[in-house]
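Q: Could you walk me through this model, step by step?
A: Gladly, and here it is to look at while we talk.
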Amino acid sequence: MGTAEAEATKPSKTSGENGNGTSSPGGAKLGDFSKEELHRFMRAMLLFRRFEEKAEEAYAIGKIGGFCHLHIGQEAGALGLIDPLRQDDWVITAYRDHTQALAKGLEPGPVMAELYGRDTGSSRGKGGSMHIFGAEQGFMGGHGIVGAQMPMAAGMAFAAKYRGTDQVCVCFMGDAAVNQGAFLESLNMAAIWKLPAIFVVENNEYGMGTAFSRVSAVPMIQRADSFGVPAHTVDAQDIIETWSFMDDLVKQVREGAGPQFVEARTYRFKGHSMSDPVSGTYRSKEEVDGRVKEQDPIAILRNRLFEADLMTEEELDAMDDEVRKEVDEAADFADEAPLPDPAELYSHVYAEINEHGRLFFDGRDGEAGHPGGGKD
Ligand SMILES: Cc1ncc(C[n+]2csc(CCOP(=O)(O)OP(=O)(O)O)c2C)c(N)n1
Ligand SMILES: [Mg+2]
């Protein structure tokens, strides 16, 4: 797809001043980035794509069990909305989390090993696909309950404000999550306390098989209105726009602009999870094929780079080969890793008893000899 076509498929963008003075950034151009940066963007998105394809393949042959939700088609959002952050900023998200973890700095090996349920996985094989974690990288999970991550995001943003740091917390959610009570509570408290939180809805238009238009009487962008939280829309298939938008917004929040709501407009190219078909009763094959053809974030960047003579086909092929090798190595790392030791069953889980009581330091005493405690 050529640049003109890519421009034509862009959703309309909210720009200019918002209610409380935060501006919706936008209007970034290719020329705002160096060739090296643009190549880095391409490489990262290719890595995400190949990683997910490998996960899909591994799932199909039974190497990965349980739930597995792929992010294919949504790579520009993963990169553009996370890459501008510092390592000590936090990201918390839902279950479609593999590429977001990579974007926040986790290595492909431990993420793949987590999908394989291995001891070297980022959650020591106990979390699986939906619960990737990297505390060191500020990646606070991976959460399977729709909306569960939002109050925790508000809590982390509160901690930053209370401690007087300038950290920012970015909370991702799917479009279905805005109908959860946790959404209302979190946005309201974040607004009242002017917390440094950015709530990002990855609006891929469907919550499993339910179109957003069937569960909301108003467009997504209006959902934050009643909290006084400034709302922005960004075309999350376009890495250039998304990255520069987020870079600006994070700076504003770091400087005290308070919470923000972002509708990142995107589309998932695969089924809801590995057990769901790509298309079916809720969306037609024609719809999916059309979106894949017009809105593939990797193809959009590739075409722009080719047109601007900023990348050759050979360079792209070489990059792709390198990335495929990296993903193969991640899969080998996962394959060769041991399963968790059964003796570790009660460590790093809520049932753990340590010298402070339970894992969450709440002061309760566990019953000696019973790793699960037993008082409640
Ligand atoms: C509280 C709760 N209700 C229902 C589910 C089952 N469920 C899992 S994913 C999902 C749809 C979520 O869709 P969306 O938020 O749009 O995210 P997407 O899958 O599109 O990334 C539902 C209903 C759940 N995990 N948690
Ligand atoms: Mg959705």
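The chat below goes from the whole chain to its sheet and then to some single residues.

Q: What should I know before I start?
A: This is a predicted model, in which local features need pLDDT of at least 70, side-chain atom pairs count only at pLDDT 80 or more, and totals for chains, interfaces and linings use all residues. Residues are numbered from 1 along each chain as its sequence is written, while chains are lettered from A and ligands numbered from 1 in the order in which they are written.

Q: OK, how many helices and strands are in the chain?
A: The chain has 12 helices and 11 strands, where helices (H or I, at least four residues) and strands (E, at least two) are DSSP runs numbered from the N terminus.

Q: And what share of the residues is buried?
A: Of the 376 residues in the chain, 46% are buried; a residue is called buried if 20 or more other C-beta atoms lie within 10 Å of its own, exposed if 12 or fewer, and partly exposed in between, with C-beta atoms placed from the backbone.

Q: What's the order of the strands in the open sheet?
A: The five strands follow the order β3-β4-β5-β9-β8, with parallel pairing, and two strands are said to pair if DSSP finds at least two bridges between them.

Q: Which ones stand at the edges?
A: β3 (90-92) and β8 (231-235) do, and each has a single partner strand, so one side of each is left without a neighbour in the sheet.

Q: Is β8 buried or exposed, then?
A: Five of the five residues of β8 are buried, so this strand is largely enclosed by the rest of the structure. Ala231, Thr233 and Asp235 lie on one side, with His232 and Val234 on the other.

Q: Why two sides?
A: In a regular strand the side chains alternate between the two faces of the sheet.

Q: How many bridges hold the pairs of strands?
A: Three bridges join β3 to β4, six join β4 to β5, six link β5 (residues 197-203) with β9 (residues 260-265), and five link β8 with β9. As examples of facing residues, tryptophan 90 has cysteine 169 in β4 as its bridge partner, and threonine 233 stands opposite glutamate 263 in β9.

Q: What about β4 itself?
A: Six of the six residues of β4 are buried, with Cys169, Cys171 and Met173 pointing one way and Val170, Phe172 and Gly174 the other way.

Q: Switching topic, where is histidine 71?
A: Histidine 71 lies in the loop between α2 (35-60) and α3 (75-80).

Q: Why is it buried?
A: Histidine 71 counts as buried because 26 other C-beta atoms lie within 10 Å.

Q: Which residues does histidine 71 touch?
A: Leaving out residues up to four places away in sequence, histidine 71 touches Phe48, Glu52, Ala78, Arg96, His98 and Thr99, where a contact means that the C-beta atoms, placed from the backbone, lie within 7 Å. Histidine 71 and threonine 99 are 28 residues apart in sequence, but 6.8 Å apart in space, C-alpha to C-alpha.

Q: Last one: which residues come nearest to ligand 1?
A: Val146, Gly174, Asp175, Ala176 and Gly207 come nearest, out of the 14 residues around ligand 1, and a residue counts as near if its C-beta atom, placed from the backbone, lies within 6 Å.

Key. Contact = placed C-beta atoms within 7 Å.
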